[in-house]
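Visitor: I would like a close look at one part of this model. Please keep it brisk.

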Amino acid sequence: MRFLFSSLLAVGTVTLAEPLAYMFAERWYRKNPEAEKENSFELLDAIFRRKYTKAIFIAAGIVCFIAAITVFKLYVSPTL
């Protein structure tokens, strides 16, 4: 169960961090149009170009965090 808790926490962190990284990079490239775009931004731009993708990623991150907290409360913390 500790592995499940750790995995859910890691997935939740990544799914919340990627839209934030994209939004900050998009703002930076908008302010610096002469800068050459990196491959990581090109990949994130391809993913988050769709309308609701950022909201889906944020919702999935929150769900993963809630599931990780539930797993911790029910299975991990009683064994500590």
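Is Thr15 buried or exposed, and what is its relative accessibility?

Guide: A word first: this is a predicted model. Thr15 sits in helix H1. Its relative accessibility is 14%, so Thr15 counts as buried. The cut-off for buried is under 20%.

Now the surroundings. The side chain of Thr15 has a polar atom 3.2 Å from the backbone oxygen of Gly12. Set aside the neighbours within four places in sequence, and Thr15 still has contacts. They are Phe57, Ile58, Ala60 and Gly61.

Next, the start of the chain. Helix H1 spans 2–31, and Met1 lies in the segment before it. Met1 counts as exposed because its relative accessibility is 53%. The cut-off for exposed is over 50%. Met1 also belongs to a nonpolar surface patch.

Last, the charged pair. Side chains of opposite charge can pair when their charged atoms come close. A search of the whole structure turns up one salt bridge. Arg49 forms a salt bridge with Asp45. The closest N and O atoms of Arg49 and Asp45 are 3.2 Å apart. The two ends of this pair can be taken in turn. Arg49 has 59% relative accessibility, so Arg49 counts as exposed. Asp45 has a relative accessible area of 17%, so Asp45 is buried.

Notes:
Residues numbered from 1 in each chain as written. Predicted model: local features only at pLDDT ≥ 70, side-chain atom pairs only at ≥ 80, totals over all residues. Heavy atoms only, no water. Patch = residues over 30% accessible without salt bridge, like charges linked within 9 Å, V, L, I, M, F, W, Y side chains within 5 Å. Areas by Shrake-Rupley, 256 points an atom, 1.4 Å probe, with all protein chains shown as cover. Salt bridge = Lys/Arg side-chain N within 4 Å of Asp/Glu carboxyl O. Helix = DSSP H or I, 4+ residues; strand = E, 2+ residues; numbered from the N terminus. Buried < 20%, exposed > 50% of the residue type's maximum accessible area, 1.4 Å probe, protein only. Polar contact = N/O pair within 3.5 Å; in protein donor to acceptor, adjacent residues only side chain to side chain. Contact = heavy atoms within 4.5 Å.
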